[in-house]
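Dear colleague,

Please find the structure below. My notes on what was found in it follow.

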Amino acid sequence: MFWDWNYVWEITPTLLRASVVTIQATLLGFLLAAVLGLVLAILRMSKTGWISVTAAGFVEFIRSTPVLIQIFFIFFVFPEFGIVLPAMAAGVIALGLHYGSYCSEVYRAGLENVPKGQWEASTALNLSPYITFRDIIIPQAIPPVVPALGNYLVALFKETPLLSAIAVLELMQTAKILGSQSFRYVEPITLVGGFFLVMSLVAAAFIRQLEAYLNRTLRNPGGAR
Amino acid sequence: MQLRPLAVCAIVFFTAGLAVSSFAGFREFIPGLLQGAAITIQITIGGSLLAVVMALIAAMAKMYGPLPLRWLAVAYIEVFRGTSALVQLFWLFFVLPHFGVNLDPMAVAITALGLNVGAYGAEVVRGAVNAVARGQWEASVALNMPRALALRRIILPQAFVAMIPPWGNLFIELLKATALVSLITISDLTFKAQQMNQTTFRTVEIFTIVLVVYLALSVLITVGMRTLETFAARGIARGR
């Protein structure tokens with residue numbers, strides 16, 4: 001007997017409850033990544049040499065090392081320096097840091113695509129750099145890169161099972177516990193796989209729609225048809 | 001990317017500082033970590049080879065295969081890109097034995113990571129083949145070449161050059177994903193680090209060294225792929 005439907009119905013509620021934790025971790029992690037990414041992108045584009053070099057070094061370093069080690073580093077090493085974090089917080093911070101450095105490259109592409117003339121026009125209009133950035137540059141830089149950010153949201157979502165390594169009770173950890181209680185791993189792990197597949201496909205479809213919508217409105221600013 | 005060396009320098013100095021501050025304790029865990037690194041490298045190489053093969057097969061099936069094969073390729077690509085690498089790893093590790101397939105953990109690791117990265121690679125291959133100028137196909141038809149021969153002799157060699165940089169990124173992704181195999185009891189670098197962390201409590205040094213080793217391996221892949229790219233681009237870029 002490979003597949004037991006009764007067992008599936010029995011464990012579904014538990015897995016659904018655990019999926020809430022997975023989704024929480026995804027959203028919190030991505031919120032951090034989105035903010036941190038923008039900060040890193042701005043720092044990397046700074047005209048002060050050491051700031052941009054440090055930011056670039058940080059981004060390249062984070063992107064070149066496994067996120068699992070980064071999770072361990074935050075969870076096991078930070079306490080040595082007196083920063084004790086609960087597992088969930090450590091995991092969310094690690095995911096946010098990792099994907100923040102990916103997002104920073106996306107933001108950088110968006111920021112660099114804003115024509116220089118926009119900066120010059122703002123200077124001519126006597127706008128302060130902060131106002132220029134907030135009201136002129138960001139609104140033009142962010143919408144075109146939203147689909148790319150969306151792809152990283154899906155990628156981050158697919159990395160959340162790593163949090164099981166530091167015993168966060170998310171989907172994968174719950175599936176493993178269920179499996180070890182009943183010695184039936186087929187159903188829980190397949191269900192978790194199915195859940196990720198469905199969520200990823202839905203998210204990918206949503207991102208395609210968003211991309212199409214943005215393409216329509218960006219070519220046609222102000223919504224005039 | 002050109003800033004990688006810079007990051008390397010910073011980390012190397014950081015580690016050197018740590019090493020100087022506690023050299024005696026350092027020597028005991030270096031051999032163990034190196035053993036782990038050897039396993040990590042083995043899995044990376046095995047997984048990369050499988051990934052390249054799977055990517056080529058899946059891309060060719062998706063682009064030129066008969067309909068059922070095309071569906072199979074699409075299903076493979078979507079399933080492996082749509083679920084987590086860790087879930088795939090656990091699925092192969094825990095679920096396959098129920099179907100009577102008993103692979104040893106190393107084989108599971110290489111298969112899971114190879115299949116995972118292969119699915120991403122298939123899209124890279126497809127993109128690169130599509131990016132070859134249409135005139136190349138037309139010229140092959142004009143020369144009365146069969147499609148398969150044109151693909152093998154004319155299109156793929158040109159696509160190959162365009163594929164190298166994205167494959168470099170995928171190999172780095174694969175290297176980073178090998179850290180997951182520690183969770184299915186393989187004593188790779190990450191596993192050794194955790195083991196030593198539990199016995200020695202030298203948390204800071206151990207995890208810093210591990211990060212540096214992964215960084216060094218990533219840089220090695222980047223440098224290797226750059227070299228391959230310059231090597232492969234010779235003679236081909238001239239035609240454009």
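**Interface between the chains**

The contact (heavy atoms within 4.5 Å) takes 40 residues from chain B and 39 residues from chain A. This is a predicted model: local features need pLDDT of at least 70, side-chain atom pairs count only at pLDDT 80 or more, and totals for chains, interfaces and linings use all residues. Residues are numbered from 1 along each chain as its sequence is written, chains are lettered from A and ligands numbered from 1 in the order in which they are written, and side-chain values use heavy atoms, with hydrogens and water left out.

Between chain B and chain A, about 3,600 Å² is buried, and carbon and sulfur atoms give 76% of that (accessible area, 1.4 Å probe, that two parts lose on being put together, summed over both). H98(B), K176(B) and L211(B) supply 16% of the area that chain B buries against chain A, more than any other three residues. The count of salt bridges between chain B and chain A is zero (a side-chain nitrogen of Lys or Arg within 4 Å of a carboxyl oxygen of Asp or Glu).

**Tryptophan 167 of chain B**

Leaving out residues up to four places away in sequence, W167(B) touches A51(B), V52(B), A55(B), V117(B), G121(B), V124(B), V125(B) and M225(B).

Regards
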